[in-house]
Amino acid sequence: MGAGVLPKRRFSTVVRFFLSVLRHGLARGGFFAAMCSLPPDSLVGACAAPVFCHDRRGVGLVGLPRYLAGCGGARVTPDNRNSMQSIVILISGGGSNMAALVRAAQQEDWAARYGAPVAAVISNRADAAGLQWAQAQGIATQVISHTDFADRAQFDSALAQAIAAHGGKDIGPKPLVGAPLGIAVHPGEGARDVKPPLVLLAGFMRILTPGFVQAHAGRLVNIHPSLLPAFTGLHTHARALAAGCKFAGATVHRVTEVLDEGAILEQSVVPVLPEDDARTLAARVLATEHIIYPRAVRRLLAAGLS
Ligand code: GAR
């Protein structure tokens with residue numbers, strides 16, 4: 001293969017992709033609607049249907065710049081301004097997604113903006129590299145090794161206890177929206193509504209029991225390195241390559257009792273290049289994970305987790 005061939009192929013893959021965006025967008029009133037309408041249970045649909053689907057709504061070309069720009073300007077509603085919900089992040093390894101979440105929380109001041117500080121990082125592995133990084137940020141860390149427990153239920157129970165211990169700390173008085181100056185505040189009136197922690201799985205490689213999932217329903221989110229519903233489980237990049245997918249990506253989704261199945265909150269897409277192996281594809285996808293995971297959480301917090 002000549003030296004000039006690879007860049008040319010890569011260029012043509014990208015050009016073809018954007019041409020298809022334009023064609024579908026103009027012909028059918030929205031690329032997103034067109035792509036989302038593909039049946040997800042076909043191979044083509046599995047590879048392509050979730051591409052750029054955003055909350056299952058067709059966003060259309062007009063919405064594209066806004067989508068790409070993210071939602072850093074999400075507004076704070078009285079609901080979440082008056083409530084307090086800490087964030088607990090679960091990891092098993094490198095923790096680059098955890099770091100992306102923590103950085104976003106720091107830069108955008110999620111604690112003040114949404115009442116949602118990152119309270120702790122918990123790992124099921126003592127050697128998880130992300131633990132040191134979190135400690136250096138001044139975040140509480142904890143190791144709960146699954147090998148110390150007889151079964152999944154016991155491990156999950158210890159995990160649930162540890163998570164609960166990081167919730168419930170109010171960080172200040174509830175703003176009195178619209179209250180005229182000088183009106184006396186009765187004791188207790190200034191307290192925020194304190195919710196149990198939001199739990200973010202960031203490369204946490206344990207299957208959770210139905211009991212754990214039920215106990216954390218509505219506040220349990222995961223990131224998975226594939227365009228769900230395609231390629232649940234492990235070895236997603238090798239399987240996408242083996243299936244001949246032209247695009248791959250990642251999905252932020254709610255966690256249900258079924259592995260990698262919950263409602264999709266955000267997705268990213270990258271082209272699969274001819275020279276890709278699982279490692280290069282994983283790296284390209286991971287870079288997009290660091291964008292969509294903070295974006296999904298920011299949206300949830302801004303909407304009061306609804
Ligand atoms: C990420 O690619 C994440 O999507 C994946 O593990 C990697 C963790 O990287 N998660 C899963 O496969 C969960 N089924 P990180 O530790 O650097 O964030």
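1. Ser 123 stands opposite Val 143 in strand 4, and this pair belongs to a parallel arrangement in which 4 bridges join strand 3 (residues 118–123) to strand 4. Strands count as paired if DSSP finds at least two bridges between them; the strands themselves (E, at least two residues) and the helices (H or I, at least four) are DSSP runs, numbered from the N terminus.

2. The model is predicted, so local features need pLDDT of at least 70 and side-chain atom pairs count only at pLDDT 80 or more, while totals for chains, interfaces and linings use all residues. Residues are numbered from 1 along each chain as its sequence is written, and side-chain values use heavy atoms, with hydrogens and water left out.

3. The open sheet has 7 strands in the order 4-3-2-6-7-8-9, with mixed pairing. Its edges are strand 4 (140–143) and strand 9 (264–271), each of which pairs on one side only. From one strand to the next the twist averages 15°, angles being taken from 0 to 180 degrees between the N-to-C directions of axes, which are lines fitted to C-alpha atoms, for helices over the stretch in contact.

4. Helix 6 (residues 96–107) lies across strand 2 (87–91), strand 3, strand 6 (198–201) and strand 7 (220–224), and it runs at about 160° to strand 2. Contact here means heavy atoms within 4.5 Å.

5. Thr 236 is found in helix 11 (residues 236–242) and counts as buried because its relative accessibility is 4%, buried meaning under 20% relative accessible area with a 1.4 Å probe and protein chains only. Leaving aside neighbours within four places in sequence, Thr 236 is in contact with His 224, Pro 225, Ser 226 and Phe 231.

6. About 810 Å³ of space lies in the largest pocket, a pocket being an open set of points on a 1 Å grid over the protein atoms alone, with protein on both sides within 12 Å along at least five of seven lines, and lining residues having an atom within 4 Å of a point. Of the 35 lining residues, the closest to the centre of this pocket are Phe 204, Met 205, Ile 223, His 224 and Pro 225. Helix 6, strand 7, helix 11 and helix 12 (278–302) each supply at least two residues of the lining, with the largest share, 4 residues, coming from helix 12.

7. For the chain as a whole, there are 12 helices and 9 strands, and buried residues make up 45% of the 306 residues.

Conventions:
Buried means under 20% relative accessible area, exposed over 50%, partly exposed in between (1.4 Å probe, protein chains only). On a 1 Å grid over the protein atoms alone, a cavity is a set of points where a 1.4 Å probe fits but cannot get out, and a pocket is an open set with protein on both sides within 12 Å along at least five of seven lines; lining residues have an atom within 4 Å of a point. Grid points are joined across faces, edges and corners, and a volume is the space filled by probe spheres set on the points.
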